[in-house]
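Please look at the sequence and the structure below.

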Amino acid sequence: MSSESIKAEVIKQVRTQYNIDNAKQLIEKVNEHCFEKCVPKPSSGLSSGESTCFTQCMDKYMLAWNTVDKTCMTRVQRESQFKSL
């Protein structure tokens, strides 16, 4: 294997691990924030109001998460391009 192919494989593995960690963190934060907000008294099931609240909260949280993630990635890419000049 050439050093370029090894480098590409390492980068791929790092990105994969980053994506896995990012997904785990997103799930933990959604559960932490939305469940606590929408389900004040846990029981054996969710009421329709709790389910609606949880779904809407999760959608908003994921939209915000994705916006922040894209902004950070764009900034990192821009800074790496700037450094290479």
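In this predicted model, the buried residues of helix α1 are N22, L26, V30, C34 and C38. An α-helix has 3.6 residues a turn, so residues three or four places apart point the same way. Helix α1 runs over residues 3-38. With 36 residues at 1.5 Å a residue, α1 should span 52 Å, and the 51 Å between its end C-alpha atoms agrees with that.

Two of the buried residues in α1 are cysteines, C34 and C38. What is each of them bonded to? C34 is joined by a disulfide to C57, with an S to S distance of 2.1 Å, and C38 forms a disulfide with C53, where the sulfur atoms are 2.0 Å apart. A disulfide is a covalent bond between the sulfur atoms of two cysteines. With a cut-off of 2.5 Å between sulfur atoms, the count comes to 2 disulfides.

Take the link of C34 and C57 first. The disulfide between C34 and C57 is left-handed, with -80° about the S-S bond. This pair links distant parts of the chain: C34 belongs to helix α1, C57 belongs to helix α2 (residues 48-83), and 23 residues separate the two. Are these cysteines buried or exposed? C34 has 0% relative accessibility and therefore counts as buried; C57 is buried too, with a relative accessible area of 13%.

Now the link of C38 and C53. The torsion about its S-S bond is about -65°, so this disulfide is also left-handed. Because C38 lies in helix α1 and C53 in helix α2, the pair ties together parts that are 15 residues apart in sequence. C38 counts as buried, at 5% relative accessibility. C53, at 23% relative accessibility, counts as partly exposed, because the limit for a buried residue is under 20%.

The two links can be read together as a pattern. When the bonded cysteines of the protein chain are numbered in sequence order, the pairing is 1-4, 2-3. In residue terms, C34 pairs with C57 and C38 pairs with C53.

C72 has 43% relative accessibility and so counts as partly exposed.

Note on methods
Residues numbered from 1 in each chain as written. Predicted model: local features only at pLDDT ≥ 70, side-chain atom pairs only at ≥ 80, totals over all residues. Heavy atoms only, no water. Helix = DSSP H or I, 4+ residues; strand = E, 2+ residues; numbered from the N terminus. Buried < 20%, exposed > 50% of the residue type's maximum accessible area, 1.4 Å probe, protein only. Expected span 1.5 Å × (residues − 1).
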